[in-house]
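Please look over the sequence and the structure below before reading on.

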Amino acid sequence: MKLTKFIPATALATAMPLMAFAQDAEEVVAVAVPTDTVFILNTLLFLIGGFLVFFMAAGFAMLEAGLVRSKNVAMQLTKNVALFGLASIFYYLIGYNLMYPLGTWAVDGVLSGVFGPGVLEAVGITAETADDYGYASTGSDFFFQLMFCGATASIVSGTLAERIKLWPFLIFTIVLTAIIYPVTASWTWGGGFVGEAGFSDFAGSTIVHSVGGWAALTGAIILGPRLGKYKDGKVTAFPGSNLTLATLGTFILWLGWFGFNGASQLAMGSVGDVADVSRIFANTNTAAAGGAIAALVVTQLVYGKVDLTMVLNGALAGLVSITAEPLTPTLGAATLIGMVGGVIVVFAVPFLDKLKIDDVVGAIPVHLICGIWGTIAVVFTNSDATLGAQLYGIVVIGGATVIASGIVWFILKAVMGIRVSEEEEMMGLDKAELGMEAYPEFYKG
């Protein structure tokens with residue numbers, strides 16, 4: 001009579017291959033039992049992280065809707081829905097394979113040799129037929145990476161609000177999400193020459209946030225400021241329509257950032273990996289808190305009153321600042337990194353006004369300047385990073401983004417114009433471009 005020794009269910013929770021034993025009085029037969037734990041947990045991490053980052057699209061929409069004037073709210077909401085849809089389609093069609101050549105380069109380390117749409121694994125795969133059984137499903141990887149691409153485009157939207165035409169903006173979004181972001185990101189995350197030089201950017205302070213910030217800055221300079229913003233040597237404040245929405249948007253972004261940074265660990269199949277994910281969550285949160293409190297205190301000291309919009313952007317500045325390295329800092333170091341970001345925002349916003357660069361929502365100080373700060377701050381806690389490599393990555397990726405964005409913006413300006421007329425700007429883009437209003441019963445003109 002042959003007796004079988006069954007493996008307890010709890011044993012299947014380990015990530016190492018297990019052995020089941022069939023035994024009788026004469027023989028012991030070892031039977032290998034494969035485990036899918038690493039593949040499953042990594043895939044789950046990407047899917048959860050991905051839908052958290054997706055929710056950041058709602059955060060950007062609410063933040064921008066709250067910080068623009070009432071007559072432009074519907075336009076901002078339209079742009080945010082449309083840009084995410086376009087990012088989803090064109091990252092699939094072009095961007096994903098440009099960003100991840102998997103060692104196949106048309107120009108070594110610079111331009112992917114894999115062109116065409118992304119392709120998912122077949123329905124009902126097995127361990128043997130998975131694209132990368134030791135990593136995660138292709139669908140989860142594509143989904144997670146797509147969300148970063150959409151976030152990059154969202155950064156540009158708020159800066160150029162209240163005076164840019166809808167369709168030129170959407171065309172720029174297509175180029176940004178299909179080509180500019182994927183190519184520059186491939187230089188580090190795709191195994192390209194910037195990463196080979198030692199540049200370290202864990203979740204994208206430069207690769208995502210500064211790229212969006214550089215594109216926004218280039219567009220703002222070419223587009224010009226809103227009518228009446230800078231007049232007779234003075235800066236005219238244009239208060240946002242709904243600070244409640246802006247606050248909601250900030251908290252949504254704060255929540256989404258746990259997926260943004262946490263899932264960038266890219267692994268959850270071991271004790272060490274899942275502990276690191278939890279460490280990233282904690283550091284991400286405290287950096288945001290540090291940024292918010294620093295902005296709160298500094299605005300009180302500088303202006304005599306607390307400025308809510310600065311506090312909101314301070315929290316976001318802390319989040320951007322910690323994104324380049326959310327794993328290695330202690331809680332105290334992460335808080336300080338975030339606090340520096342909060343202070344930067346308070347002084348960078350009026351500095352841009354002195355330069356007559358009109359950034360409606362403060363995206364350039366938050367995403368570009370604090371993205372640079374966060375990328376440099378990596379060297380303080382990660383012994384593998386060097387200041388030279390960090391500055392190299394900032395300059396190369398920033399320079400390429402400015403050049404590429406500038407070319408696209410100038411072409412759009414020459415071919416179809418990028419700015420609405422003065423009459424349309426005064427009327428508001430909701431009526432002029434869309435023929436509808438976000439608050440038709442409350443708008444007073």
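Questions and answers on the core, the pockets and the cavities follow.

This is a predicted model, in which local features need pLDDT of at least 70, side-chain atom pairs count only at pLDDT 80 or more, and totals for chains, interfaces and linings use all residues. Residues are numbered from 1 along each chain as its sequence is written, and side-chain values use heavy atoms, with hydrogens and water left out.

Q: Which residues have the most contacts inside the largest nonpolar core?
A: A nonpolar core is a set of buried Ala, Val, Leu, Ile, Met, Phe, Trp, Tyr and Cys residues joined through side-chain atoms within 4.5 Å. Buried means under 20% relative accessible area, exposed over 50%, partly exposed in between (1.4 Å probe, protein chains only). The largest such core has 97 residues, and those with the most contacts inside it are Val 156, Phe 260 and Trp 409.

Q: Leaving aside neighbours within four places in sequence, which residues is Phe 260 in contact with?
A: Contact means heavy atoms within 4.5 Å. With the neighbours within four places set aside, the partners of Phe 260 are Val 53, Met 56, Phe 144, Phe 148, Ala 151, Ala 203, Val 208, His 209 and Thr 323.

Q: How many residues are in the other core, which lies apart from the largest one?
A: Among the residues of this other core are Ile 322, Ala 334, Ile 337 and Ala 377. Its total comes to 6 residues.

Q: Which helix gives the most residues to the lining of the largest pocket?
A: On a 1 Å grid over the protein atoms alone, a pocket is an open set of points with protein on both sides within 12 Å along at least five of seven lines, a cavity is a set where a 1.4 Å probe fits but cannot get out, and lining residues have an atom within 4 Å of a point. The largest pocket is lined by 26 residues, with Lys 229, Ala 237, Thr 309, Val 349 and Asp 353 nearest its centre. The most, 4 residues, come from helix 10.

Q: How much space lies in the second largest pocket?
A: Grid points are joined across faces, edges and corners, and a volume is the space filled by probe spheres set on the points. The largest pocket holds about 690 Å³. For the second largest pocket the volume is about 510 Å³.

Q: Which residues are closest to the centre of the second largest pocket?
A: Helix 3 (138–159) is one of the helices that supply at least two residues of this lining, and helix 3 gives the most, with 5 residues. Of the 22 lining residues, the closest to the centre are Tyr 96, Tyr 100, Leu 102, Tyr 135 and Asp 141.

Q: Which helices each supply at least two residues of the lining of the largest cavity?
A: The largest cavity has about 60 Å³ of space. Its lining includes Phe 60, Ser 154, Asn 313 and His 367. The helices are helix 1 (37–67), helix 3, helix 9 and helix 11 (363–381).

Q: How many disulfides are there?
A: A disulfide is a pair of cysteine sulfur atoms within 2.5 Å. Cys 149 is buried, at 0% relative accessible area, and Cys 370 is buried at 0% as well. The count of disulfides is 0.
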